[in-house]
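Please look over the chain below and keep the model open while reading.

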Amino acid sequence: MSVAQLGYLGFEVSDLPAWEDFATSVLGLKVSQRDTGGGFRLQMDSHSYRILITPGTADDLAVVGWEIESDTALSECLERLKKAGVEVNEATAQERADRGVAALFKLRDPAGAPTELYTGPTLSSEAFTSPLLLSKFVAEEQGLGHLVLTANSQDESVQFYSDLLGFKLSDYIRCDLYGYAVDIAFMHANSRHHSVAFGAKQPKGLHHFMLEVASLDDVGLCYDRCLKSGVRIMQTLGRHPNDRMFSFYAKTPSGFQFELGYGGRQVDDATWEVTTHPCVSEWGHHHPQIFAPRKK
Ligand code: FE2
């Protein structure tokens with residue numbers, strides 16, 4: 001393995017105040033740093049930040065940071081990328097300092113996602129606490145969560161992330177969902193069931209990112225906070241068959257979705273077998289508007 005965890009995500013957003021309110025008052029994250037230009041960083045565990053919010057018009061994914069397990073693994077990973085003809089650029093000292101990491105290299109994945117490989121993140125001197133959470137975020141060595149990236153070709157992306165970055169395939173979900181052919185490949189870098197997944201081409205660079213909490217009630221409380229603050233629910237509470245995540249989906253202020261979940265399955269590579277699941281969800285995860293109101 002080379003990638004140890006999903007280290008950070010960057011989003012370029014057009015409405016900074018909306019994002020700050022959403023991140024702190026709905027998700028329960030903490031602003032740990034303010035950057036020049038109005039951007040800010042969000043903390044969820046012992047890392048000094050996990051999400052970078054930068055101002056701009058894209059309202060999309062700006063960067064995905066993958067932490068590499070060691071300097072040796074990073075060298076091996078860079079060698080594989082070079083042999084495969086992938087253009088990789090070493091970051092400047094200023095860029096490294098801005099990210100707060102020891103080593104930093106930049107590239108694009110097969111679908112163009114701005115990707116960074118790094119070692120040596122900065123940990124916070126202040127412990128993370130959230131006044132909104134009964135429990136805590138499940139992060140640390142499992143990474144900040146997961147994301148579903150856009151893909152030009154699922155096979156091409158799976159091959160890139162497995163052969164060059166060291167991910168392992170977890171499973172597939174292949175089914176028909178309300179007339180749409182769903183075909184998603186899930187990949188893991190550590191014991192989290194998946195850190196990244198690829199389906200079809202998405203309108204934005206990502207379909208959603210997921211944060212996990214350590215209590216079922218924290219999922220319900222966040223669902224309530226979404227309803228109360230007008231955050232649009234995109235998929236109701238439900239459970240996925242592969243990672244067994246109990247979760248819901250809603251829209252961020254940038255239009256792409258987030259998933260908040262509890263109880264994700266852990267993968268043990270010694271016994272794990274890749275399977276294909278015939279449904280996206282065992283129950284739930286419905287779009288709220290597919291059900292017509294019951295007539296009196
Ligand atoms: Fe997800």
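Predicted model: local features only at pLDDT ≥ 70, side-chain atom pairs only at ≥ 80, totals over all residues.

Residues are numbered from 1 along each chain as its sequence is written, and side-chain values use heavy atoms, with hydrogens and water left out.

**Domains and their interface**

The chain splits into domain 1 (3–119) and domain 2 (140–289), with bounds from an automatic or database domain assignment. Their C-alpha centres are 19 Å apart. To the contact (heavy atoms within 4.5 Å), domain 1 contributes 42 residues and domain 2 contributes 41 residues.

| Property of the domain 1–domain 2 interface | Value |
|---|---|
| Buried area | about 3,200 Å² |
| Share of buried area on carbon and sulfur atoms | 69% |
| Salt bridges | zero |
| Polar contacts, both residues at pLDDT 80 or more | 16 residue pairs |

Buried area is the accessible area (1.4 Å probe) that two parts lose on being put together, summed over both. A salt bridge is a side-chain nitrogen of Lys or Arg within 4 Å of a carboxyl oxygen of Asp or Glu. A polar contact is a pair of N or O atoms within 3.5 Å; within protein, one must be able to donate a hydrogen and the other to accept it, and residues adjacent in sequence count only if both atoms are side-chain atoms.

**Iron site**

Which protein residues are donors of the iron ion? They are His146 (NE2), His208 (NE2) and Glu259 (OE), at 2.0 to 2.1 Å from the iron ion. Donors are N, O and S atoms within 2.8 Å of the metal (3.2 Å for Na, K and Ca); water is not among the atoms, so sites may look incomplete. Their spacing in sequence is H-x61-H-x50-E. His208 in strand S13 (residues 206–213) and Glu259 in strand S16 (residues 257–262) are 51 residues apart. Strands (E, at least two residues) are DSSP runs, numbered from the N terminus.

**Ala200**

Ala200 sits in the loop between strand S12 (196–198) and S13. Leaving aside residues up to four places away in sequence, Ala200 touches Thr150 and Ala151.

Technical notes
Helix = DSSP H or I, 4+ residues; strand = E, 2+ residues; numbered from the N terminus.
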